[in-house]
Amino acid sequence: MKQVASALEEEIVLGWLQPRERLIEEDIASRFEVKRHVVREAIAELERMGLVERVQNKGAAVRMLSPTEVGQIYSVREALETLAAQQIPLPPRPETISALTKIQGQHAAAVERGDSRAAFRANMAFHNALFGACGNPHLVEIIQSLAQKVHGARSYTAASPVHLARARDDHWAMIEALKASDREKLVQLCREHLSPSRDTYIASLEQRFGKAG
């Protein structure tokens with residue numbers, strides 16, 4: 001179940017499954033060669049994460065967040081992620097820098113070869129390690145939960161070479177800010193890092209449906 005849920009999660013983030021697209025159990029079961037009850041459990045997990053919703057008389061579909069919802073969630077993400085950045089001990093522990101550098105090497109390699117799936121997973125690992133360095137697991141848990149809720153909002157940027165390159169450069173800059181014990185720069189980078197996916201998603205929806213909601 002976890003494997004199917006993880007694969008569908010990636011497909012939502014990467015825009016291969018679009019907002020409002022139906023998730024047909026039979027088709028998914030055939031594609032992944034699993035029983036339908038496994039697919040139902042995977043869809044339930046995605047619903048719990050906020051990526052999927054039940055549509056009356058249509059079944060499960062990829063959830064489409066409104067511009068207002070995305071703006072609200074990103075506002076909270078900015079507050080919490082900058083809070084975590086402010087709480088990371090400086091100078092950082094050597095093992096923190098070592099772990100981040102290793103993960104970011106994997107992310108950069110994935111970006112270089114155009115492997116958007118691997119880049120997505122490495123991106124999540126980088127941020128988990130970065131915010132995990134703050135030492136507050138409760139704060140990290142909330143950050144991770146909110147990031148999952150807006151996975152769909154990243155569908156316009158997660159597979160974009162331009163946005164992937166920017167994320168790569170941002171990550172390296174965060175590591176350099178940590179090495180320099182430059183908290184102000186680190187917090188600024190964390191804040192600005194959120195804006196591309198948020199702004200691109202909102203602009204795309206407003207172009208398609210107008211500015212209502």
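Glu33 counts as exposed, at 72% relative accessibility. This residue belongs to a predicted model. The chain holds 10 helices and two strands. Its radius of gyration is 18 Å, close to the 17 Å that the globule rule gives for 213 residues, so the chain is as compact as a globular protein of that length.

**Overall build**
- Along the sequence, the elements follow the pattern α-α-α-β-β-α-α-α-α-α-α-α.
- Taken along the principal axes, the C-alpha atoms fill a box of roughly 55 × 40 × 35 Å.
- Of the 213 residues, 47% are buried.
- Among contacts between residues at least 6 apart in sequence, 75% join residues at least 24 apart.

**Surface and charge**
- The accessible surface of the chain is about 10800 Å². Carbon and sulfur atoms account for 50% of that surface.
- The chain carries 28 positive and 27 negative charges.

**The hairpin**
- Strand 1 covers residues 52-55, and strand 2 covers residues 59-62. They pair in the antiparallel sense over four bridges.
- Val52 has Val62 in strand 2 as its bridge partner.
- Three residues lie between the two strands of this hairpin. Asn57, in the turn, has a positive phi of about 65 degrees.

- Most residues other than glycine have a negative phi, and most peptide bonds are trans.
- Glu33 sits in the loop between helix 2 and helix 3 (36-49).
- Arg20 is exposed, with a relative accessible area of 54%.
- Pro91 lies in the loop between helix 4 (67-87) and helix 5 (94-113).

**A buried loop residue**
- Thr157 is located in the loop between helix 7 (137-149) and helix 8 (161-179).
- Is Thr157 buried or exposed? Thr157 counts as buried, because its relative accessibility is 6%, and the cut-off for buried is under 20%.
- Leaving aside residues up to four places away in sequence, Thr157 touches His163, Pro196, Ser197 and Thr200.

Notes:
Residues numbered from 1 in each chain as written. Predicted model: local features only at pLDDT ≥ 70, side-chain atom pairs only at ≥ 80, totals over all residues. Heavy atoms only, no water. Rg over C-alpha atoms; globule rule 2.2 N^0.38 Å. Buried < 20%, exposed > 50% of the residue type's maximum accessible area, 1.4 Å probe, protein only. Contact = heavy atoms within 4.5 Å. Areas by Shrake-Rupley, 256 points an atom, 1.4 Å probe, with all protein chains shown as cover. Lys, Arg positive; Asp, Glu negative; His and termini not counted. Charge placed at Lys NZ, Arg CZ, Asp CG, Glu CD. Pairing = 2+ DSSP bridges.
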